[in-house]
Amino acid sequence: KEILLAHEVQSLFIPQKPPPIPGFSVDLMSLPARDLNGDYCDVQALPGGRILFVIGAATGRGVSSALVMTMAKAGVLTGLDKNLAPGELLQQLHTIFDSHFHGEVVMTFFAAVLTPETGRLHYAGAGHPWPILARAGGELESLDGSPSPLGFSPREDIPTEKEVFLG
């Protein structure tokens, strides 16, 4: 019964519907392989009409990885309060994971901020499979990032923020 309750609580962390984004269509779907897992997906409205997208996956299975995912969600919300850019957000999360888990637990992560009125997407990645941008003309573009996950200590490559135009 506790596992079912934990699954219900975890499902509340994934938005059922993203905020409206003028000029863009966004859908979310999460299909966990187990009742509890470390998968994380979020979309948050930011000041100035910007939108934050995050996806990540914690190592491990079950309750332990679900707790790591919850810690990541708390770190993202703290980053929102500080108005952190994607690269800064990943660096903050890395510091949290490294200080608490000392390399024993890692999490792949991708964060992006879209400014809908300009079509600019600023992003940074840390070990997560890189999202693929499908352009209207059919071209595919990999939104690559750092190959090292968050919490991998010592971190030799700080997540570098990149920018792409979606228009």
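1. The side chains of Asp42 and Lys73 meet in a salt bridge, with N and O 2.7 Å apart. A salt bridge here is a side-chain nitrogen of Lys or Arg within 4 Å of a carboxyl oxygen of Asp or Glu. The pair links distant parts of the chain: Asp42 sits in strand E1 (residues 39-45) and Lys73 in helix H2 (residues 62-82), 31 residues apart. Asp42 is buried, at 2% relative accessible area. Lys73 is buried as well, at 11%. Buried means under 20% relative accessible area, exposed means over 50%, and partly exposed lies in between (1.4 Å probe, protein chains only).

2. A word on the basis of this note. The model is predicted, so local features need pLDDT of at least 70 and side-chain atom pairs count only at pLDDT 80 or more, while totals for chains, interfaces and linings use all residues. Residues are numbered from 1 along each chain as its sequence is written, and side-chain values use heavy atoms, with hydrogens and water left out.

3. Now the overall layout. The chain has three helices and seven strands. Helices (H or I, at least four residues) and strands (E, at least two) are DSSP runs, numbered from the N terminus. Along the sequence the pattern reads α-β-β-α-α-β-β-β-β-β. Of the 167 residues in the chain, 40% are buried. The accessible surface comes to about 9,300 Å², and 58% of that surface belongs to carbon and sulfur atoms. Accessible areas come from the Shrake-Rupley method with a 1.4 Å probe; for residues, only the protein chains shown count as cover.

4. Among contacts between residues at least 6 apart in sequence, 63% join residues at least 24 apart. Contact means heavy atoms within 4.5 Å.

5. How many salt bridges does the structure hold? There are three. Besides the Asp42 pair, Glu141 forms one with Arg135, and their closest N and O atoms are 2.9 Å apart. Glu141 is partly exposed at 29% relative accessible area. Arg135 is partly exposed too, at 23%.

6. Lys162 forms a salt bridge with Asp144, with the closest N and O atoms 3.1 Å apart. This pair also links distant parts of the chain: Lys162 is in strand E7 (residues 162-165), and Asp144 is in the loop between strand E6 (140-142) and E7, 18 residues apart. Lys162 is partly exposed, at 30% relative accessible area. Asp144 is partly exposed at 29%.

7. Look next at strand E3 (residues 107-115). Nine of its nine residues are buried, so E3 is largely enclosed by the rest of the structure. In a regular strand the side chains alternate between the two faces of the sheet. In E3, Met107, Phe109, Ala111, Val113 and Thr115 point one way. Thr108, Phe110, Ala112 and Leu114 point the other way. Both sets are buried.

8. Which strands pair with E3? Strand E2 (residues 51-58) joins E3 through eight bridges, and the two run antiparallel. Strand E4 (residues 120-126) joins E3 through six bridges, again antiparallel. Two strands pair if DSSP finds at least two bridges between them.

9. Phe110 is a handy landmark in E3. In E4, Phe110 stands opposite Gly125. E3 and E4 form a hairpin with four residues between the strands, and there Gly119 takes a positive phi near 75 degrees.

10. Aromatic pairs come to three. Rings of Phe, Tyr and Trp (its six-membered ring) pair if their centres lie within 6.5 Å; planes under 30 degrees apart count as stacked, over 60 as edge-to-face and the rest as tilted. One of the pairs is Tyr40 with Phe109: the ring centres are 6.0 Å apart and the planes meet at 45 degrees, so the pair is tilted. Tyr40 lies in strand E1 and Phe109 in strand E3, so the pair ties together parts that are 69 residues apart in sequence. Tyr40 is buried at 2% relative accessibility. Phe109 is buried at 0%.

11. Finally, Val68. This residue is in helix H2. Is Val68 buried or exposed? Val68 is buried, with a relative accessible area of 6%. Leaving out residues up to four places away in sequence, Val68 touches Ala58, Phe97, Phe101, Val105 and Met107. Val68 and Ala57 are eleven residues apart in sequence and 9.1 Å apart in space, C-alpha to C-alpha.
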